[in-house]
Amino acid sequence: MSDDQVAGELKKMTAFIRQEALEKAKEIQIKADEEFAIEKSKLVRQETSSIDSQYEKKFKQAGMSQQITRSTLANKTRIKVLSARQELLDGLFEKARAKLGDYSKDKGKYQELCKNLILEGLYAMNENKVVVRARKEDYDVVKKAIEGAKDEYKKSRDGKEVQVQLDEKNPQPEGCSGGASVVGGGGRIDINNTLDERLKLLETDALPMVRTSLFGKNENRRFQD
């Protein structure tokens, strides 16, 4: 081969190698771009998933916090309402308690009331002999009430008599608003029919009815006491 032929062959070989190198480089670049795109997409999905997860977590936390806040406010409001209602009920019974002493001003009506309270005790006790305790200032009225209760008891029990004695040694304590208590069973049984005690019973027994009358029926209340 001549030098020109050798140079030509070398030129061809160089061009071939160059072309191979360019194609290889292009192939590597394409593959690198594909791998980069895949990795980029993977990273984007991971970050997107992480952001979504964080957002969902914060959204749930915000919702829970809002529920807690609403529940707290509702409970505080409910407590205030219940407290206001209880204050109103306490005020009503306190006013009634303050007026208990007025019952003894009308001697005729008060004597009838004492008679009925004593009679109720006689029926409940169902004994042949009992004692009655009352306020010192009521002794005259209560003595008459005792006679009336004895007569009515005798009529209702086909002539059965009962001995009723006023216990003047043990009067009702200071501050008692009136009424009487019937003691039997050798002093072991005391039916307290004083006005103060009857108001306590009324406060307990009538409270559900009073509550319903004032505030309406509470559908959420399981026990009406």
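Which strands does α2 lie across, and at about what angle does α2 run to β3? The legends below refer to a predicted model.

**View 1. Helices on the sheet.** Helix α2 lies across β1, β2, β3 and β4, and runs at about 20° to β3. Helix α3 also packs on the sheet, where it touches β1 and β2. The direction of α3 makes about 175° with that of β2.

**View 2. The four-stranded sheet.** The strands form an open sheet in the order β2-β1-β3-β4, with mixed pairing. β2 and β4 (189-194) each have a single partner strand, so one side of each has no neighbour in the sheet. On average, neighbouring strands are turned by 25° against each other, direction ignored. Three bridges join β1 and β3, which pair in the antiparallel sense. Val132 stands opposite Val182 of β3.

**View 3. The largest nonpolar core.** This core holds 27 residues, and Ile118, Leu122, Val132 and Val142 have the most contacts inside it. At least two residues come from each of α2 (107-125), β1 (129-133), α3 (139-156), β2 (163-166), β3 (179-184) and α4 (195-205). Beyond its neighbours within four places in sequence, Leu122 is in contact with Val130, Ala149, Tyr153, Val162, Val164 and Val182.

**View 4. Asp138 between β1 and α3.** Asp138 sits in the loop that runs between β1 and α3. Its relative accessible area is 1%, so Asp138 counts as buried. With residues up to four places away in sequence set aside, Asp138 touches Tyr110 and Gly178.

View 5. Lys115 and Glu152 form a salt bridge whose closest N and O atoms are 2.8 Å apart. The pair links distant parts of the chain, with Lys115 in helix α2 and Glu152 in helix α3, 37 residues apart. Lys115 is buried at 13% relative accessible area, whereas Glu152 is partly exposed at 33%. Salt bridges with shared partners join Glu112, Lys115 and Glu152 into one network.

**View 6. Salt bridges Glu56–Lys60 and Asp102–Lys105****.** The count of salt bridges in the model comes to eleven. In one of them, the closest N and O atoms of Glu56 and Lys60 are 3.6 Å apart. Glu56 and Lys60 are four residues apart in helix α1 (residues 3-98), so about one helical turn separates them. Glu56 is partly exposed, with a relative accessible area of 44%, and Lys60 is exposed, at 53%. Asp102 and Lys105 form another salt bridge, with the closest N and O atoms 3.2 Å apart. Here Asp102 is partly exposed at 39% relative accessible area, and Lys105 is exposed at 63%.

Conventions:
Residues numbered from 1 in each chain as written. Predicted model: local features only at pLDDT ≥ 70, side-chain atom pairs only at ≥ 80, totals over all residues. Heavy atoms only, no water. Core = buried A, V, L, I, M, F, W, Y, C linked by side-chain atoms within 4.5 Å. Buried < 20%, exposed > 50% of the residue type's maximum accessible area, 1.4 Å probe, protein only. Contact = heavy atoms within 4.5 Å. Pairing = 2+ DSSP bridges. Axes fitted to C-alpha atoms, helices over the stretch in contact; angles between N-to-C directions. Salt bridge = Lys/Arg side-chain N within 4 Å of Asp/Glu carboxyl O.
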